[in-house]
Amino acid sequence: MGKPKVELATAESVTDLEAKLDALAVESKQRDQDIEDRCAKIEKSITDLKQELLSKIRGIEQTAEYHAGSIQQAFDESRELGENIKREAEKIAEIQSHLQTLDQQMAGVESVANQNYQALEEMQREAEEVRLEELKLAKQELEGKAIETSRKDAEMVQSHAKKELDGATEKMRGEMS
């Protein structure tokens, strides 16, 4: 009894499997056909793109040939411009070098001028000190001369006063005698 049910179940399973396999085969064929159709479309697109690209490449080549003369002329002008720029750069470098030399010379002149200015200030200060010392000495000399003159004047006045006093005293003695 167990066997007929198993055989029946197996037969049904095999039939189901065959149906599923047939369905899968149909589906597979359909997919294969779809893939083939897609591949054909892709190949046609690739062919169309190749044709389009070849056409564009020919157009570009023609344009390149057409512009080759202009490109060569532009290249020559560019090279000439580059040479002009190089010459100008050399001139600028020369001018910068000259300016550096002038800057160094100016720095030297400024340094000498500052040294001279400081030397002049020092000389002026020393001259001022000498002048003040000379004025001090002249003042001392004048004061000494003034004192000497005052002393001589005082001596002269004293001598004159003594003479007058002596004269007056003698006169008085003469009158008293």
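What share of the 177 residues in the chain is buried?

## Overall shape

The answer is 0%. Keep in mind that this is a predicted model. The chain has 1 helix and 0 strands, and helix H1 covers residues 2-176.

A compact globule of 177 residues would come out with a radius of gyration near 16 Å, but this chain has 67 Å. Along the principal axes, the C-alpha atoms fill a box of roughly 210 × 75 × 20 Å.

## Surface and charge

Leu54 sits in helix H1 and is partly exposed, at 41% relative accessible area.

As for charge, the chain carries 26 positive and 40 negative charges, and their mean positions lie 3 Å apart.

## Salt bridges

Side chains of opposite charge can pair when their charged atoms come close. Here the count comes to 11 salt bridges. One of them links Arg31 and Glu27, with the closest N and O atoms 2.9 Å apart. These two are 4 residues apart in helix H1, so about one helical turn separates them. Both are partly exposed: Arg31 at 48% and Glu27 at 41%.

Glu88 and Lys91 also meet in a salt bridge, at 3.6 Å from N to O; they are 3 residues apart, again about one helical turn. Then there's Arg125 with Glu129, whose closest N and O atoms are 2.4 Å apart. That pair is 4 residues apart in helix H1, about one helical turn. Salt bridges with shared partners tie Glu122, Arg125 and Glu129 into one network.

How values were computed:
Residues numbered from 1 in each chain as written. Predicted model: local features only at pLDDT ≥ 70, side-chain atom pairs only at ≥ 80, totals over all residues. Heavy atoms only, no water. Buried < 20%, exposed > 50% of the residue type's maximum accessible area, 1.4 Å probe, protein only. Rg over C-alpha atoms; globule rule 2.2 N^0.38 Å. Lys, Arg positive; Asp, Glu negative; His and termini not counted. Charge placed at Lys NZ, Arg CZ, Asp CG, Glu CD. Salt bridge = Lys/Arg side-chain N within 4 Å of Asp/Glu carboxyl O.
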